[in-house]
Amino acid sequence: MMKRANENGEIPRNLEYPPTKDTITTIPGGYVLTRFYADHPGYWIMHCHMSWHNHLGMGLVIKVKNR
């Protein structure tokens, strides 16, 4: 459902004046589309604030390579 809505341009975006944050909150069962510059090489974790949620799959690692 969300993938189709994204591909069809049905999800509003604020690309002109986006918020700059290191924390994003959402409602339970909600979603967040995140856009960022990946210009610092290394491994970066995105996760829920509760560590036990990571065991449920609410975390991911992003690998940023050198160009």
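Author: Contact here means heavy atoms within 4.5 Å. The model is predicted.

Reader: Which residues does Y43 touch, not counting residues up to four places away in sequence?

Author: Y43 touches V61, I62 and K63 once those neighbours are set aside. Y43 itself belongs to strand β1, residues 42-47.

Reader: Why is Y43 called exposed?

Author: Exposed means over 50% relative accessible area. Y43 has a relative accessible area of 60%, so the residue counts as exposed. As for distance along the chain, H55 is 12 residues from Y43, and their C-alpha atoms are separated by 19 Å.

Reader: What makes M58 partly exposed?

Author: The class covers values between the buried limit of 20% and the exposed limit of 50%. M58 has a relative accessible area of 42%, which lies in between, and therefore M58 is partly exposed. M58 sits in the loop that runs between α2 (51-54) and β2 (59-64).

Reader: Which residues form the nonpolar patch on the surface?

Author: The patch is formed by M50, W52, L56 and M58, with about 420 Å² of accessible area together. A patch residue needs over 30% relative accessible area.

Reader: How do you know that the chain is more spread out than a compact globule?

Author: Start with the elements: two helices and two strands, in the order α-β-α-β from the N terminus on. The radius of gyration of the chain is 14 Å, whereas the globule rule gives 11 Å for 67 residues; the value is well over the rule, so the chain is more spread out than a compact globule. Along the principal axes, the C-alpha trace spans about 35 × 30 × 20 Å.

Reader: What share of the residues counts as buried?

Author: Of the 67 residues, 7% count as buried, the limit being under 20% relative accessible area. The chain exposes about 6900 Å², of which carbon and sulfur atoms supply 56%. Among contacts with a separation of 6 or more, 20% join residues 24 or more positions apart.

Reader: Where does I24 lie, and what is it in contact with?

Author: I24 is in the loop between α1 (2-7) and β1. Leaving aside neighbours within four places in sequence, I24 is in contact with V32 and T34. P12 is 12 residues from I24 in sequence and 17 Å away in space, C-alpha to C-alpha.

Note on methods
Residues are numbered from 1 along each chain as its sequence is written. This is a predicted model: local features need pLDDT of at least 70, side-chain atom pairs count only at pLDDT 80 or more; totals for chains, interfaces and linings use all residues. Side-chain values use heavy atoms; hydrogens and water are left out. Patches are made of residues with over 30% relative accessible area and no salt bridge: like charges are joined within 9 Å, nonpolar side chains (Val, Leu, Ile, Met, Phe, Trp, Tyr) within 5 Å. Accessible areas come from the Shrake-Rupley method with a 1.4 Å probe; for residues, only the protein chains shown count as cover. A salt bridge is a side-chain nitrogen of Lys or Arg within 4 Å of a carboxyl oxygen of Asp or Glu. Helices (H or I, at least four residues) and strands (E, at least two) are DSSP runs, numbered from the N terminus. Buried means under 20% relative accessible area, exposed over 50%, partly exposed in between (1.4 Å probe, protein chains only). The radius of gyration is taken over C-alpha atoms; the globule rule is 2.2 Å times the number of residues to the power 0.38.
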